[in-house]
Amino acid sequence: MSVVLEVHDLEKSFGAVVAAHDINVVVEEGETIGVIGANGAGKTTFVNLVTGHLPPGGGTVEFMGRSILGHSVRAIARMGLCRSFQVPQVFLSETVFDNLMMAFGVAEQDGARLLTPLLEEERAMRVEAHLARYQIAEYRDVIGAALPQGVRKLLDIAMATVRKPKLLMLDEPTSGISAEEKFAIMDILMRALKEEHTTVLFIEHDMEIVERYVARVLAFYQGEIICDAPTREALRDDRVLEYVLGRGHGAVAEASPAPSARSSSGDDTLAVSDLDVSIGATPILRGVHLGVPSGTMCGLIGRNGAGKTTFMRAVMGALSILRGNLRLGDIDLAATPAHRRAHLGIGFMPEDRRLVPELTAEENILLPVWATGADNARERLEWIYRLMPEVEEFRHRGATALSGGQQKFVAFARALMCGTRLLLLDEPSEGIAPIFAQRMVEILHDLKQEGASVLVAESNDVHVAALLDRTFVIERGSVVERG
Ligand SMILES: Nc1ncnc2c1ncn2[C@@H]1O[C@H](COP(=O)(O)OP(=O)(O)OP(=O)(O)O)[C@@H](O)[C@H]1O
Ligand SMILES: [Mg+2]
């Protein structure tokens with residue numbers, strides 16, 4: 001077997017943050033490698049350094065026996081080293097077919113390996129073959145925005161492979177995909193990559209995926225590789241358990257249900273009944289009844305596309321409702337303009353984070369009070385930092401300099417800033433390392449003891465079950481309470 005990638009003594013710092021230190025990796029042709037590590041451990045930085053998105057502070061990178069240091073991203077891609085990003089890069093307003101036509105067009109411009117400029121019909125034939133290989137042909141004429149998350153992810157990766165890369169690096173291929181779909185999507189992906197003889201390295205937080213699909217694991221912690229070993233061995237490694245998985249990994253969570261600070265009184269903080277919401281002509285929520293009594297933590301559990309985000313957006317007023325009652329205490333939310341709802345003390349953490357890139361972490365957290373003008377902003381910020389000291393550590397860092405998981409914590413903190421009466425959290429533990437998902441649960445536990453009223457949406461309740469006073473299950477837009 002021949003060596004595809006050889007990295008030696010790779011270094012990168014951002015000011016005082018060491019994001020890569022003494023990184024040494026050799027990748028052989030045909031390998032499947034999983035990169036794991038806590039949030040902010042340096043996984044994305046590693047991929048950025050190797051693929052030319054960031055200049056390293058030191059070290060060497062050779063691809064197919066040639067140094068690629070200092071080469072541009074496009075030059076490196078042309079040689080056959082490609083990647084995907086943590087957030088899909090699909091054009092939302094274009095169809096699946098057109099997205100792929102564009103991807104092939106760009107690759108031809110670059111004179112990618114094995115691709116010469118094509119006639120449009122030839123290109124279309126390649127697109128059709130690619131659609132079949134990734135099993136997304138039935139979505140051929142659907143625009144990016146309307147695709148189920150799993151299909152959008154597959155399309156994104158299909159676009160990254162139009163150049164037939166020798167080595168493909170994927171940043172969290174299963175993030176945002178529900179537990180029900182993830183194996184099916186990964187089966188399609190891994191089969192397609194195998195057919196094309198692509199060596200693959202991917203960053204992953206989901207250990208079921210790591211166990212099933214990769215042979216070798218690289219574990220990162222604070223910019224260093226703390227373990228490089230066959231998967232089974234790596235997942236039992238002491239340092240991996242300590243810094244990535246958490247000691248309780250594999251054991252059934254034995255957390256005792258935390259008592260709510262206030263027992264639920266009769267008056268619901270949030271009371272929703274007969275709620276119908278449509279997007280365009282498509283009914284999304286039908287006759288939803290749901291109540292979050294004051295001082296309780298409630299779960300809204302359902303797979304992707306079931307309507308969780310739609311429900312939260314409707315409560316926030318980002319979507320208009322067709323019918324139904326929405327109350328916060330004795331306030332009629334349906335009659336309150338959307339921009340006033342944050343003033344009422346509702347904090348919302350959207351699943352896609354939505355940070356303002358130009359601002360620091362702390363400025364993003366303060367953003368809602370700049371609009372609502374709360375006078376105790378400082379105290380509230382200090383309280384948030386006591387709850388989440390990890391956020392205080394990187395408060396001055398720009399939003400674009402935060403790792404994916406760090407951004408998630410900032411979005412959580414921002415929701416806390418104005419969520420004095422009610423918190424709506426959309427998949428807080430999605431896309432973060434196991435050890436950080438455990439941290440998220442600790443924070444929720446602390447919030448619960450402080451008597452916060454919370455509705456948390458998750459695709460399954462593995463992390464939060466022990467914390468929930470009430471569980472609502474949502475399926476195709478209908479909600480039932482689980483007894
Ligand atoms: N441009 C930058 N400026 C300053 N710090 C940065 C920059 N880019 C990354 N960092 C920091 O470097 C560290 C490593 O970040 P990286 O994105 O590689 O983490 P990660 O392992 O991919 O985490 P996640 O799982 O959360 O995505 C983090 O502490 C991050 O805040
Ligand atoms: Mg990352």
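**Where the domains meet**

Modeller: The centres of domain 1 and domain 2, taken over C-alpha atoms, are 29 Å apart. Before going on, bear in mind that this is a predicted model, in which local features need pLDDT of at least 70 and side-chain atom pairs count only at pLDDT 80 or more, while totals for chains, interfaces and linings use all residues. Residues are numbered from 1 along each chain as its sequence is written, and chains are lettered from A and ligands numbered from 1 in the order in which they are written.

The chain splits into domain 1 (3-245) and domain 2 (296-302 + 338-482), with bounds that come from an automatic or database domain assignment. Where they touch, 17 residues of domain 1 are in contact with 14 residues of domain 2 (in contact means that the C-beta atoms, placed from the backbone, lie within 7 Å). On the domain 1 side, the largest share, three residues, comes from helix 9 (residues 238-245). Helices (H or I, at least four residues) and strands (E, at least two) are DSSP runs, numbered from the N terminus. That side of domain 1 divides into seven nonpolar, nine polar and one charged residue. Here Ala, Val, Leu, Ile, Met, Phe, Trp, Tyr, Cys and Pro count as nonpolar, Asp, Glu, Lys and Arg as charged, and the others, Gly among them, as polar.

Now for ligand 1. Both domain 1 and domain 2 give residues to the shell around ligand 1, so it lies between them. That shell holds 21 residues, and the closest are Phe14, Asn39, Ala401, Ser403 and Gly405; to count, a residue needs its C-beta atom, placed from the backbone, within 6 Å of the molecule. Strand 2 (17-28), helix 1 and helix 15 (404-418) are the elements that give two or more residues each. Sorted by class, the shell has nine nonpolar, ten polar and two charged residues.

The buried set includes Thr44, Phe46 and Leu49. Lys43 counts as buried because 30 other C-beta atoms lie within 10 Å. Leaving aside neighbours within four places in sequence, Lys43 is in contact with Val35, Gly37, Ile203 and Phe220. Ile203 is 160 residues away from Lys43 in sequence, yet the two are 6.9 Å apart in space, C-alpha to C-alpha. After helix 1 comes Gly52, with a positive phi near 85°.

Ile365, Leu366 and Val369 of helix 12 meet Ala377, Leu381 and Ile384 of helix 13. By class, the residues of this contact are six nonpolar, no polar and no charged.

Key
Contact = placed C-beta atoms within 7 Å. Buried ≥ 20, exposed ≤ 12 C-beta atoms within 10 Å, placed from the backbone.
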